[in-house]
Amino acid sequence: MMPMSSSSSANPVVIDSHLHVWADEEESKIFPYSPGSEPPPALANAASAARLIETMKSCGVAGALIVQPINHKYDHSYVAEAIAAHPSVFKGMMLHDPSRDAEEAVQDLEQLLLDGFVGVRFNPYLWPEGKRMSDDPAAVAMCRRCADLKVPIGIMCFKGLDLHYDDICSLIRKSPDTPIVLDHFGFTGLDEKGDKNFEKLLSLAEKKNVHVKISALFRIAGDVSPFPYEDVRRRRFVPLLERYGASRLLWGTDFPFVIETEGGYEGAVDVVRSWCGVEQKDAAAILGGTSENLFGKW
């Protein structure tokens, strides 16, 4: 992987707070996929670090937070190498392993912090069925250590915020100073279930440590709101901006999946920039400032 220097010409600086990379077919000989977690065939060679660098550069994106992909599960070596090759461009969010005890989990965190990781992802579907994150001593220990280190925890509510709302509130009660980031509008799609969950997402704004990623617009839009996602803007973005404020919202694409959608990666940048309109402070925060406040300067 050849180094690349980040661009300083963008004003405001643009940071992609949510994307994934994984080894392409050739690289997977050195960085194998987790068994049963091979990438979709259409994207197998589309998500290498080299391809991401090309895509970001062409769209004026200066930096990115790489969320550890399920394809490599708890083997963080591919993302760590990408960060080492491009330390001014990439930071990482590690994937917490619920099979680890509290001491082991904190050791994992502290080791990966040395490798350029600046956040932790909690995927609630990796816990045994029926077990809550907030009832797991290791998860609570991770939250508290992250609070000490000012390291954010990202939570993926893929099957619906309603399934995890009480669990998230319990985690916050047990570790109120841990920065929490909810992926992809909290997965509040534009349907009846999504509308109900969106009310829950708005209620979490009273928890001052909660932030929301304005990411994966296509996932929220579904078949309801075609590109450029006007209904997502009106029904999700505007209320979030009013309730949370720009300083608690952060933009992301969900690369490489976004490249298969209308508008692609560049469209995902341009749409959210247009949503911010003439409010330069909002644009500066959402497109990069909030990410830098949470994860450090790029």
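## Helix H2 on the sheet

Contact here means heavy atoms within 4.5 Å. In this predicted model, helix H2 (residues 77–85) lies across E2, strand E3 (90–95) and strand E4 (117–122). The direction of H2 is at about 160° to that of E3.

## The sheet

The strands belong to an open sheet of eight, in the order E1-E2-E3-E4-E5-E6-E7-E8, and the pairing is parallel. Strand E1 (15–19) and strand E8 (249–251) are the edge strands, each pairing on one side only. From one strand to the next, the twist averages 25°.

E1 runs parallel to strand E2 (residues 63–67) and is joined to E2 by three bridges. Ile-15 has Gly-63 in E2 as its bridge partner.

## Helix H10 on the sheet

Helix H10 (residues 280–295) also packs on the sheet. H10 touches E1, E2, E3, E4, strand E6 (180–182), strand E7 (210–214) and E8. The direction of H10 makes about 110° with that of E8.

## The H9–H10 pair

Helix H9 (residues 264–276) packs with H10 at an angle of about 150°, and their axes are 8 Å apart. Angles over 145 degrees count as roughly antiparallel, and H9 and H10 are therefore roughly antiparallel to each other. Their crossing is right-handed.

On the H9 side, the contact is made by Val-272, Arg-273 and Cys-276. H10 contributes Asp-282, Ala-283, Ile-286 and Leu-287. By class, the contact of H9 with H10 has five nonpolar and two charged residues, with no polar ones.

Methods
Residues are numbered from 1 along each chain as its sequence is written. This is a predicted model: local features need pLDDT of at least 70, side-chain atom pairs count only at pLDDT 80 or more; totals for chains, interfaces and linings use all residues. Side-chain values use heavy atoms; hydrogens and water are left out. Two strands pair if DSSP finds at least two bridges between them. Helices (H or I, at least four residues) and strands (E, at least two) are DSSP runs, numbered from the N terminus. Axes are lines fitted to C-alpha atoms, for helices over the stretch in contact, and angles run from 0 to 180 degrees between N-to-C directions. Angles under 35 degrees count as roughly parallel, over 145 as roughly antiparallel, 65 to 115 as roughly perpendicular and the rest as oblique. A crossing is left-handed if the near helix is turned anticlockwise from the far one by less than a right angle, and right-handed if clockwise. Ala, Val, Leu, Ile, Met, Phe, Trp, Tyr, Cys and Pro count as nonpolar, Asp, Glu, Lys and Arg as charged, and the others, Gly among them, as polar.
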